[in-house]
Amino acid sequence: RRAFVAFLQGHSFVRQPRRHAASGACRAWNAVASSVSAHVRVLRRATVSWTRAAGAARYCRGSLPSVARCLLFKPRLYDPLVKPFGCAGRVAFVMFACAATGLLPGLAESASGRHPPVAAAARQLVRGGATSAIAFVSSHGHNSVATAGERHPRPSQRFRIGSVTKTFTAALVLQLVDQKKLRLDDSLERYLPGIVPEGAKITIHDLLQHESGLANFTDYGAWIEKANRSRSLRPIDTLRFAASKPLLFEPGSRWSYSNTNYIALGLIIEKVTGHSYRSELTRRILRPLKLAATELPTTRTLPDLHDPGYNPLLAWAAGAIVSNANDLSRFFAALFSGHVVSKAALAHMEQTVPANTIFGLWQGDGLGIFSAHLRCGRFWGHDGGILDYSTIVEVSPGRHVAVISYRSATTEQPNMAALLCS
């Protein structure tokens, strides 16, 4: 701008307008120079104003009242761009800047009824007692995310997904079925002989669908507390402990949720492949889908998680994975799009039996996934809890995916229909 105006002012008809007052061309050039200079000044002020406001929006974090207190009463931020509109102009400008920098996603969703109410879902969980919450919805290539709570988690914050790990484990098993390395009607005894007394009666299908009758090792609090502190615990030890308890029922005759089933499946994956569960998870799912935020930890604590830690070999293939909302969304979308297992294998996963789950969140249990009926159709997914983390993932046949993660108990349950049927 300076060079252009200097170029115009370098001509005598601009520098000495009186000498050429009779020339219409000179007067025109003079008008052009003045107009360009004026417009550049306006653009410069607008740019500076936007830059300051957006920078302030990134700095002033917190709830809407906090942002308002931080920004609205700093007139130096707004320059001449909003002065003609007074206080109302400043309010509108700050709200727009906050929405543009991603601090107030609720503004965007309020402006268009087409967006799922993720901000309302996150706030609802916090009102019920959760210390932090993340609500994420992916629909038709558009992601909506909101966070709430004292800890102000980032949208990309990782968390322990608990039993949502089981869907990853089931996918690994079904991949082996696709490759004809095992069959769903193979017995547990075939791959882990001598570990479970009734192992010859329990099939891989029974394990996947929680119809094995194996005792749930997490029901034994004293043993769990000791095992969590142990440095020598191995997954086979967990299966041996559960196998020492009587079967709850004849395998295949009833349904009862048991984390032990997926410890056994993790061991079968290792037996069939000759590699660790962790390496197969990485090679078959995490790396192909580019799930960079997802891992099976090898240590009790992780630097980006603020928790007391957990023995990863205790929860292991039943509940030890750490991930974030975006990665979980991508995994479930890929799974139900046929990019993880074959269509035939997915059809097996979607064959359900009635299931009584906590809070009535699910009505049926398939192979590593649950089913739920919402007002806009049938949905699939899984939930999980470990330490003070709770996670829920649901995906529709139309590939709408909702991921909810929160910490600490809450009396409010997320309205999945509002998130997925909007």
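The chain has 19 helices and 10 strands. Helices (H or I, at least four residues) and strands (E, at least two) are DSSP runs, numbered from the N terminus. This is a predicted model: local features need pLDDT of at least 70, side-chain atom pairs count only at pLDDT 80 or more, and totals for chains, interfaces and linings use all residues. Residues are numbered from 1 along each chain as its sequence is written, and side-chain values use heavy atoms, with hydrogens and water left out.

**Exercise 1. The chain as a whole**

Find what share of the 422 residues is buried.

Solution. Start with the cut-offs: buried means under 20% relative accessible area, exposed over 50%, partly exposed in between (1.4 Å probe, protein chains only). Buried residues make up 50% of the chain. Now turn to contacts, meaning heavy atoms within 4.5 Å. Of the contacts with a separation of 6 or more, 63% are between residues 24 or more positions apart.

**Exercise 2. A helix pair**

Describe how helix α14 (residues 260-273) meets helix α15 (residues 277-286).

Solution. Two packed helices are described by the angle between their axes and the distance between the axes. Axes are lines fitted to C-alpha atoms, for helices over the stretch in contact, and angles run from 0 to 180 degrees between N-to-C directions. The axes of α14 and α15 come within 9 Å and cross at roughly 80°. That makes α14 roughly perpendicular to α15 (angles under 35 degrees count as roughly parallel, over 145 as roughly antiparallel, 65 to 115 as roughly perpendicular and the rest as oblique). From α14, Gly266, Ile269, Glu270 and Thr273 make the contact; from α15, Tyr277, Glu280 and Arg284 do.

**Exercise 3. The disulfide**

Locate the disulfide and give its handedness.

Solution. A disulfide is a pair of cysteine sulfur atoms within 2.5 Å. The whole structure holds one. Cysteine 376 is joined to cysteine 421, S to S 1.9 Å. The torsion about their S-S bond is about -65°, so the disulfide is left-handed. Cysteine 376 sits in the loop between β7 (370-374) and β8 (377-386), and cysteine 421 in the segment after α19 (416-420), 45 residues apart. Cysteine 376 is partly exposed, at 41% relative accessible area.

**Exercise 4. Buried residues and their partners**

Solution. Alanine 130 is buried, with a relative accessible area of 5%. Its C-alpha atom is 6.3 Å from that of tyrosine 406, 276 residues away along the chain. Beyond four places in sequence, alanine 130 touches Leu125, Tyr406, Arg407, Ser408, Ala409 and Thr410. At 1% relative accessibility, threonine 391 is buried. Residues that threonine 391 touches include Phe159, Leu328, His382 and Ile404.
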